[in-house]
Amino acid sequence: MGRRVAELGAVRGVAVAGPGERATAVQHGKGKLTARERIALLVDEGSFCEVEQLRRHRASGFGLEAKRPYTDGVVTGWGTVEGRTVFVYAHDFRIFGGALGEAHAEKIHKVMDMAIAAGAPLVSLNDGAGARIQEGVSALAGYGGIFQRNCRASGVIPQISVMLGPCAGGAAYSPALTDFVFMVRRTSQMFITGPDVVRAVTGEEISQDGLGGADVHAQTSGVAHFAYDDEETCLAEVRYLLSMLPQNNREAAPRVRSGDPVDRRGEVLLEQVPVDGSRPYDMAAVIGEVVDDGEFLEVHERWARNIICALARLDGRVVGIVANQPQALAGVLDIEASEKAARFVQMCDAFNIPIVTFLDVPGFLPGVDQEHGGIIRHGAKLLYAYCSATVPRISVVLRKAYGGAYIVMDSQSIGADLTYAWPANEIAVMGAEGAAGVIFRRQIAEAEDPEAMRARLVKEYKAELMHPYYAAERGLVDDVIDPAETREVLIRSLEMLHTKHADLPSRKHGNPPQ
């Protein structure tokens, strides 16, 4: 038995070492870590338990039978992040370029099934060259199994894709099916057809980074939620994100002890937000003043910047925050903002994270491009997401809340549990100037001094229908609050709503707008 154990140790040593120092040096030369180095950064020290370390492929032809390395190019298993179980698989680019074959796929299928059964998050560390061409259609079927499991796990366990190398063709669909996508600049790319195919079909010249690099997907396409300069920072942020997510859809996100007083007043808010609705301000600063210790994790920070989606804590309890950003496009809702917020609201609802919405929205963005691009359909996605959400939902109107955008942004009429407003709120069908121009068009036109008449009628309209207490008088706002007390009001409200339970109608699933 001693000899057998020694033999086992030698075999494991070969499996762990991989293809050798030269291949590792090449990987490092590209500015990339190996699969095991990445896992070591992701999970708690000494916690990783590997599955099917000694798996080898059984394919033949094209020289494959002479090259059968252990792991088959993917390291799979589980570990812990801050003491909580997390499943992980990591492509090893040193072996077959991380390409997916039949055995490789079966290892991923197994760890995905284990994650679903155990009710624990799944993190994929992607660095592969797509399907293993030598194995033909078997490799493609392996991707199908991954996609099917991504869909089965959706809304059941958190799924995080970390792009640390190339991801082309059908392989790019798996990250797109997961909850969060991280990318690293200069080393990771995602695209369906690469630059060579683009050049052959359209004649366009473009680099891999220009077509599908981290900045492209974080800022232009919206495929990536986060982008970082190096793998170490990226994986540290994955750990931080996991600390704010529950293990599965049956649990709440972990609550931590907060040293930030519940009743801490935010007097600075009185100066940060101008009463004049035409003056911009930074909504991120408002959020930082309200949440615990000023810390929050913004999702899709560089895409659709006219709306903010972030995870934060209030009295140690994780909340999802959706907020209009007046510094970008005056905080209007457009196609991309609607999609970004809808996806975030659905994620929060799936994983039992309460939603706090800060409103300062002048409406939907007008324009031919928006209408032809389907703003009706895309705006309806956000409406559907809010209406379907059963987690605690609280809205705070800071200033403007006009028209359909006000309704869509979790108004009381679509199911918000509590709605608060600051004393500068203007909740109305539209701005006073526009409303007066419609209602009093004839009087203004017939007046000796149209501009003076317009100014007088605008003032009257504001006094009659847009004063700060109009919505509260009609029960559309639960209370008008001192901005400095926003933090305490939200925390007290969330504590009350913590045990909220909502029954849904019996159905297979809804049919949301696409």
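Me: Which elements each supply at least two residues of the lining of the second largest pocket?
Reply: This is a predicted model, where local features need pLDDT of at least 70, side-chain atom pairs count only at pLDDT 80 or more, and totals for chains, interfaces and linings use all residues. Residues are numbered from 1 along each chain as its sequence is written, and side-chain values use heavy atoms, with hydrogens and water left out. A pocket is an open set of points on a 1 Å grid over the protein atoms alone, with protein on both sides within 12 Å along at least five of seven lines; lining residues have an atom within 4 Å of a point. Helices (H or I, at least four residues) and strands (E, at least two) are DSSP runs, numbered from the N terminus, and the two suppliers are β12 (317-324) and α21 (486-497).

Me: What volume does the second largest pocket have?
Reply: Its 18 lining residues include Asn352, Pro354, Val391, Pro392 and His498, the closest to its centre. A volume is the space filled by probe spheres set on grid points, which are joined across faces, edges and corners. For this pocket that comes to about 360 Å³.

Me: Which element gives the largest share of the lining of the largest pocket?
Reply: About 1,600 Å³ of space lies in that pocket. Of its 48 lining residues, Ser154, Ala342, Arg343, Gln346 and Gln514 are the closest to the centre. Elements with at least two lining residues include α5 (137-153), α15 (375-388) and α13 (335-350). The largest share, eight residues, comes from α13.

Me: Which element gives the largest share of the lining of the second largest cavity?
Reply: A cavity is a set of points where a 1.4 Å probe fits but cannot get out. Four residues, the largest share, come from α13.

Me: How many bridges join β5 to β7?
Reply: Both strands belong to an open sheet of seven, in the order β1-β2-β3-β4-β5-β7-β9, with mixed pairing. Two strands pair if DSSP finds at least two bridges between them. Val162 stands opposite Phe182 in β7. Strands β5 (residues 159-163) and β7 (residues 180-184) run parallel, and the bridges joining them number four.
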